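Good morning, and thank you for coming. Please look at the sequence and the structure on the screen while I speak.

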Amino acid sequence: MPAPAPAAAPAAAAPAPGYGYPPPPPGYAYPPPAYAVYPAPLRAPESVPYNGGPVPPGYHVEEHVRRGLVVGGALTLGIPWALSVVAATGANYSNQSGWLVVPALGPWITLAARKKCDTNSDLSSAVCYSGADNSAQAMLVLDGITQAAGTIMLIAGLTATKKVVVRDFFGSLQFTPAPVGKLGYGAVLSGEF
């Protein structure tokens, strides 16, 4: 005996006049419409790297410093140098630590000029190095390497410029006094770009 045929689903009601969709079934509401977000109109870039060739109309070539190297170098040089100055000030500039106020070269000069051990010690100079003195030397070397790296980055960023094509500015701004409200006065900024 063949299996009975499945029951056919009831046909959907015809949409009401003026609606693009049929009415929702009982107990259900359609979600609110999603609003489309349109992207901003495309605009020509302010600047692009220049690799030679013709310059498009409305643009000109400029040389810029390498901002990433300048900022990175200034931070890599400046932060350890500031910490060195604070450490030297905290030590009252004892044992030639006054040289730490000189950026980049200060740690190396301090390392070369400082006394390696206490002059009141009866020990010979070969046994005079203590653990504190070794850690101070290691910190001075680390400080000197970090400040030297920051100096190299800063100089490289300032001297190795890059060429970019920059859009010409053809706008005009106008700042004029104007009435505001019924009795007030103010200013209006208007312009063309």
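The lining of the largest pocket divides into 10 nonpolar, five polar and two charged residues. Here Ala, Val, Leu, Ile, Met, Phe, Trp, Tyr, Cys and Pro count as nonpolar, Asp, Glu, Lys and Arg as charged, and the others, Gly among them, as polar. On a 1 Å grid over the protein atoms alone, a pocket is an open set of points with protein on both sides within 12 Å along at least five of seven lines, and lining residues have an atom within 4 Å of a point.

This is a predicted model, in which local features need pLDDT of at least 70 and side-chain atom pairs count only at pLDDT 80 or more, while totals for chains, interfaces and linings use all residues. Residues are numbered from 1 along each chain as its sequence is written, and side-chain values use heavy atoms, without hydrogens and water.

The volume of this pocket is about 350 Å³, meaning the space filled by probe spheres set on the points, which are joined across faces, edges and corners. Of its 17 lining residues, those closest to the centre are Ala-87, Leu-100, Ala-136, Met-139 and Leu-140. Helix 1 (67-90) and helix 3 (131-159) each supply at least two lining residues. Helices (H or I, at least four residues) and strands (E, at least two) are DSSP runs, numbered from the N terminus.

Three strands form an open sheet in the order 1-3-2, with antiparallel pairing; two strands pair if DSSP finds at least two bridges between them. Its edges are strand 1 (47-49) and strand 2 (59-64). Three bridges join strand 1 to strand 3 (residues 162-167), and Val-48 stands opposite Val-165. Six bridges join strand 2 to strand 3, with Glu-63 opposite Lys-163.

Finally, confidence. The average pLDDT, the predictor's confidence in each residue from 0 to 100, is 80 for the chain.

How values were computed: 1 Å grid on protein atoms, 1.4 Å probe; cavity = no way out; pocket = protein on both sides within 12 Å on 5 of 7 lines; lining within 4 Å.
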